[in-house]
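I'll just talk you through it.

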Amino acid sequence: MNGSAHLPTIDELKDQARRLRSRLAAAGTQIGHGQALELLAAQHGYKDWNTLHAAVGNRPRCPVALGQHVRGRYLGQPFAGAVIGVQTLQQPDRYRLTLQFDEPVDVVRFDSFSAFRSRVSCVVNGAGVTLEKTSDGQPHLVLQR
């Protein structure tokens, strides 16, 4: 059986099942939604849909989805941007995110110069907060909920 770290969400799996049914129907083969779910379970290495559902349903949820527009604070500065990368890591409740900011964020607090970031990658927990902190104890990135 495969680990659940790289499995799609339940909603994504159900959407895959709908697409599978549509493609098979277009090719002249009719199957029920339940059959499509069972085929997906086998494709992911599970004995049946119930086992796959349990494996996916029992893992922590990523705080964001690919393509989602998010807001928060990065190095103390407010940002808005799109999630352009999401990866579930092996450590429990850890996700690597890549964010593309709508507008570059100045990450330097000195008035004498600036350093702008328009894309960042970071590792967050299920609450959308990095474990890494700045010298003043604030998380590098915090997503708004």
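I'll go through the sheet, then the cores, then a few single residues and a helix pair.

Quick housekeeping first. This is a predicted model, so local features need pLDDT of at least 70, side-chain atom pairs count only at pLDDT 80 or more, and totals for chains, interfaces and linings use all residues. Residues are numbered from 1 along each chain as its sequence is written, and side-chain values use heavy atoms, with hydrogens and water left out.

What is the strand order? It's an open sheet of five strands, going 4-3-2-1-5, with antiparallel pairing. Strands here are DSSP runs of E, at least two residues, and helices are runs of H or I, at least four, all numbered from the N terminus. Two strands pair if DSSP finds at least two bridges between them. Strand 4 and strand 5 are the edges, each pairing on one side only. From one strand to the next, the twist averages 40 degrees; for angles in general, the axes are lines fitted to C-alpha atoms, for helices over the stretch in contact, and the angle runs from 0 to 180 degrees between N-to-C directions.

Now walk across it. Strand 1 and strand 2 are antiparallel over six bridges, and Tyr-74 sits opposite Gln-77 in strand 2. Those two strands make a hairpin with two residues between them, and Leu-75 in that turn has a positive phi of about 50 degrees. Next, strand 2 to strand 3: seven bridges, again antiparallel, with Val-86 partnered to Leu-97 in strand 3. That hairpin has six residues between the strands, and Asp-93 takes a positive phi near 60 degrees.

Buried is under 20% relative accessible area, exposed is over 50%, and partly exposed is in between, with a 1.4 Å probe and protein chains only. The largest core has 18 residues, and the ones with the most contacts inside it are Tyr-74, Phe-79, Leu-99, Leu-141 and Leu-143. Strands 1 (69-74), 2 (77-88), 3 (95-106), 4 (116-124) and 5 (141-143) each supply at least two residues of this core. Which strand gives the most? Strand 3, with five residues. Apart from that core there's another one, of 14 residues, including Leu-7, Ala-17, Ile-31 and Leu-52.

Contact means heavy atoms within 4.5 Å. Not counting residues up to four places away in sequence, Phe-79 touches, among others, Val-70, Tyr-74, Leu-99, Phe-101, Val-105, Leu-141 and Leu-143.

A few single residues next. Is Thr-98 buried or exposed? Thr-98 is buried, because its relative accessible area is 18%. Thr-98 is in strand 3, and its side chain makes a polar contact of 3.0 Å with the side chain of Ser-121. A polar contact is a pair of N or O atoms within 3.5 Å; within protein, one must be able to donate a hydrogen and the other to accept it, and residues adjacent in sequence count only if both atoms are side-chain atoms.

Arg-96 is also found in strand 3, but it counts as partly exposed because its relative accessibility is 37%. Over in strand 2 we have Ala-82, partly exposed at 23%. Ala-82 touches Thr-98 and Leu-99, among others.

Then there's Thr-134, in the loop between strand 4 and strand 5. Thr-134 counts as buried because it comes in at 18% relative accessibility. The side chains of Thr-134 and Asp-136 are joined by a polar contact of 2.3 Å. Beyond its neighbours within four places in sequence, Thr-134 is in contact with Leu-75 and His-140.

Last bit: the helices. Two packed helices are described by the angle between their axes and the distance between the axes. Here, the axes of helix 1 (residues 10-26) and helix 3 (residues 49-57) come within 10 Å and cross at roughly 145 degrees. Ile-10, Leu-13 and Lys-14 in helix 1 meet Trp-49, Leu-52, His-53, Val-56 and Gly-57 in helix 3.

Key
A nonpolar core is a set of buried Ala, Val, Leu, Ile, Met, Phe, Trp, Tyr and Cys residues joined through side-chain atoms within 4.5 Å.
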